[in-house]
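Please read the following account alongside the sequence and the coordinates.

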Amino acid sequence: MSKEMPILEHVTDMRRRILLVLSVLVVSMVICFLFVDHIYLALANHSGEKLAILGPGDILSIYVKLSAVGALAITIPVAAYQVWRFVVPALEERERKVALMYIPALFLLFIFGLSFAYFVLFPMMYKFVLGLSNGNFELVITANDYFTFMLNLCLPFGLLFELPVIVLFLSHLGILNPHRLAKMRKPAYLVLAIISITITPPDFLSDIMVIVPLIVLYEISITISRFVHGKRVQETTVSSENMI
C-alpha cells in the first residue's frame, strides 16, 4: 500500500493542476468576452469593408472564437507554470531555474507566431483568395467566415512557433537529442514544405515567405538541442569521474 501512495499523490496533484488550468482558461475566456468588441474591431481591419452576419447565432460564434483565442494566450504561461511545478521535485536546483525560463518563452513565441501569421501571412492569403473571384461574384463576406479563415491560418502558426521551447524541454529530459533531430531533417523539411504549400497561395514567393521561418525554427531547435545535449554529456562525464 505504501508503494501506491506516491503514485496516487502524483495523480491527485496532476488532476488538481489540470483543474486549475481549466479554471484559468474559463475565467480568461469570460474576461476576454467582456472586451471582445475591442478585439473584434482590432482584428477586422483587414476585411476592407463591414462584415455581414447571417443570423444572431453568428455573433455568439464569432465572439466565442475570439474570446477562446485570447483565453488560450493567457492560459499558456499558467499551464507551463503548472507543468513546471509538477516536474520540479524531480529536477535539480539548476534545472529548476532553467525550466522556469520556459514559461515566458512559451508565451512570447506563441504571440510572435500569431503576429507573424496575422500581419504577414493572413493579408497576403486574404487578398489572393478574394482576387480569385475576378469580378465574377458579388462578394458578401460574413464575419463568421472571415474570422474562421483567419484563425485557421494564424492559430497553427502560434503553436508551431512553440517548437524551439518544446525541443529544449525534451532535450533537457533526454528524450530528444541533436543526432535524432538531424536524422529527421529531410522528412521534417518535407512536412514543413507541405504545410507551407497547403496554407499559402500557389506562388513561389508566398511559399518561401512561410517555409523559411519554419525551417529556421527547426534549425534553431537543432542548435538548442545540440547545446543542451552537450551540457548533459559534459555533466554526466564529470559526475562519472567524481564517482571514480
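Leaving aside neighbours within four places in sequence, N144 is in contact with D58, S61, I62 and K65, where contact means heavy atoms within 4.5 Å. This is a predicted model, in which local features need pLDDT of at least 70, side-chain atom pairs count only at pLDDT 80 or more, and totals for chains, interfaces and linings use all residues. Residues are numbered from 1 along each chain as its sequence is written, and side-chain values use heavy atoms, with hydrogens and water left out.

Two of these contacts of N144 are also polar contacts between side chains: one with K65 at 3.2 Å and one with S61 at 3.5 Å. A polar contact is a pair of N or O atoms within 3.5 Å; within protein, one must be able to donate a hydrogen and the other to accept it, and residues adjacent in sequence count only if both atoms are side-chain atoms. N144 sits in helix α6, residues 143-160. Helices (H or I, at least four residues) and strands (E, at least two) are DSSP runs, numbered from the N terminus. With a relative accessible area of 17%, N144 is buried; the term means under 20% relative accessible area, while exposed means over 50% and partly exposed in between (1.4 Å probe, protein chains only).

How many aromatic pairs does a search of the whole structure find? The search finds 16. Rings of Phe, Tyr and Trp (its six-membered ring) pair if their centres lie within 6.5 Å; planes under 30 degrees apart count as stacked, over 60 as edge-to-face and the rest as tilted. In the pair F116 and F157, the ring centres are 5.8 Å apart and the planes stand at 40°, so this pair is tilted. Because F116 lies in helix α5 (residues 102-131) and F157 in helix α6, the pair ties together parts that are 41 residues apart in sequence.

A second pair, F122 and F149, has its ring centres 6.0 Å apart and its planes at 50°, so it is tilted. Here F122 lies in helix α5 and F149 in helix α6, so the pair ties together parts 27 residues apart in sequence. F122 is buried at 0% relative accessibility, whereas F149 is partly exposed at 29%. F122 and F149 also belong to a cluster linked by ring pairs, together with F33, Y40, Y63, Y118, F119, Y126, Y146 and F147.

The next site is in a loop. L176 lies between α7 (163-172) and α8 (178-183), and is buried with a relative accessible area of 16%. Not counting residues up to four places away in sequence, L176 touches V167, L170, S171, L181 and S225. The C-alpha atoms of L176 and I222 are 9.7 Å apart in space, and the two residues are 46 apart in sequence.

For the protein chain as a whole, there are 10 helices and 0 strands. Of its 244 residues, 34% are buried. Among contacts between residues at least 6 apart in sequence, 82% join residues at least 24 apart. The accessible surface comes to about 15,000 Å², of which 72% belongs to carbon and sulfur atoms; areas come from the Shrake-Rupley method with a 1.4 Å probe, and for residues only the protein chains shown count as cover.
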